[in-house]
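Please look over the sequence and the model below.

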Amino acid sequence: MQFRVKSAMTVLAAATLLVACGKKEEAAAPAAAPAAAPANVVKIGHVGPISGAIAHLGKDNENGARMAIEELNAEGVMIDGKKVTFELVAEDDAADPKQGTAVAQKLADAKVAGVIGHLNSGTSIPASAIYSAAGIPQISPSATNPKYTRQGFKTTFRVVADDTQLGGTLGKYAVTTLKGKSIAVIDDRTAYGQGVAEEFTKAVEAAGGKVVAKEFTTDKATDFNSILTTIKGKKPDVVFFGGMDAVAGPMLKQMKSLGIKAKFMGGDGICSTELVKLGGDAIADDQVFCAEAGGVEGEAKAGMEDFRNKFKTKFGAEVQVYAPYVYDSVKLMVAAMVKANSSDPAKYLPVLAATADYKGVTGPISFDEKGDIKNGALTLKTVRAGKLETLAVIR
């Protein structure tokens, strides 16, 4: 009995010691960190062709968006008194209308606050119906077909001039400045290529020039000998191509091999640094003329040059064409959110539509009632010594 009592006391003491030790260890453990408050994340979509023949242009655009997003996050933007983090949701449409609508629906389902893109008119136009139905603002930095902003949607905007200005200016330039009397026109059958070629043709005829041949190809073609042989027989002074640089480069090489010495013209789709690489020695000085559907002049040149230098440092590549317009589009969209005190599309959309003289690296941005940029600029360029050189900025 005494042994049992003693044993019991021993067991009780041991238990007490263990409990005490447990309390001591628990007290010594560091206090758990308070749960972090959920971040206020605002998703902004970007769509461009990251695969396919013009992937270099799509990546250029996407990099412009990434640069803007990173800068905004570094600034610590506040919306309605709360710090927000911006997330870029980048999608690839491969410059294909079907894929473009598929990714547009994907972004709508993800409830992004806004979309920058698409690059091509052929993808931007069908995608715009999906964004409109979802009430999501869309700013295209490069789609130039007039139809894009003429569908009656309140959600569509663009920060560059359209094909009416682009093709019209180039057509007049071909006749009045390049003195083209006989002109051949080729297009790639895309919404962009056909649109800019049609506007170019109208302007040529209005200026007194004569279109002696109208041919077409596709945006994936590589062999143009048949249509170029037909065109050679017409002896044109100027050949205009409505399409992209990935097709224009090989076309220029085949023109040289066939002995066609005509001037070569195109819209913003060929006005890239990549065209110079693709065309190589087939491009003589002052042979190629193109127009970028935007441009800066005067004091604004310094800001654009600064952007180009930062872009090259960050990505190790020269700006192709529209990265600065994408960059401005992202920052413009966020500025509207800040002013509206909300990233809710329904609340900031009216503020975005009312944008007046936003100061971007591409110049001042204001929208008309259709969502087109007011007083849009065009930059006429040529190739000299293997580089694109600006001839003039026209408004």
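His118 is found in the loop between β4 (114–116) and α4. The model is a predicted one, and in it the peptide bond from Gly117 to His118 is cis, with omega near 0°. Most peptide bonds are trans.

The crossing of α3 past α4 is right-handed. On the α3 side the contact involves Pro97, Gly100, Thr101, Ala104, Gln105, Leu107 and Ala108. These meet residues of α4 that include Gly122, Pro126, Ile130 and Tyr131.

Aromatic rings come next. With ring centres required to lie within 6.5 Å, the count comes to seven aromatic pairs. One of them joins Tyr173 and Phe289, with 6.1 Å from centre to centre and 50° between the planes, a tilted arrangement. This pair links distant parts of the chain, as Tyr173 belongs to helix α5 (residues 163–176) and Phe289 to strand β11 (residues 288–292), 116 residues apart. Are the two partners buried or exposed? Buried means under 20% relative accessible area; Tyr173, at 16%, therefore counts as buried, and so does Phe289, at 6%.

Tyr322 and Tyr325 also pair, with ring centres 5.3 Å apart and planes at 70°, so their arrangement is edge-to-face. Tyr322 has a relative accessible area of 5% and is therefore buried; Tyr325, at 2%, counts as buried too.

Elsewhere, the charged end of Arg189 sits over the ring of Phe216, at 4.5 Å from the centre.

The remaining details concern phi. Most residues other than glycine have a negative phi. Lys235, which is not a glycine, has a positive phi of about 50°. Lys235 lies in the loop between α7 (225–232) and β9 (238–242). Its relative accessible area is 68%, so Lys235 is exposed. Asn375 likewise has a positive phi, near 55°, and is found in the loop between β13 (363–365) and β14 (378–384). With a relative accessible area of 55%, Asn375 is exposed.

Terms used:
Residues are numbered from 1 along each chain as its sequence is written. This is a predicted model: local features need pLDDT of at least 70, side-chain atom pairs count only at pLDDT 80 or more; totals for chains, interfaces and linings use all residues. Side-chain values use heavy atoms; hydrogens and water are left out. Rings of Phe, Tyr and Trp (its six-membered ring) pair if their centres lie within 6.5 Å; planes under 30 degrees apart count as stacked, over 60 as edge-to-face and the rest as tilted. Helices (H or I, at least four residues) and strands (E, at least two) are DSSP runs, numbered from the N terminus. Buried means under 20% relative accessible area, exposed over 50%, partly exposed in between (1.4 Å probe, protein chains only). A charge sits over a ring if NZ of Lys or CZ of Arg is within 6 Å of the ring centre and within 35 degrees of the ring normal. A crossing is left-handed if the near helix is turned anticlockwise from the far one by less than a right angle, and right-handed if clockwise. Contact means heavy atoms within 4.5 Å.
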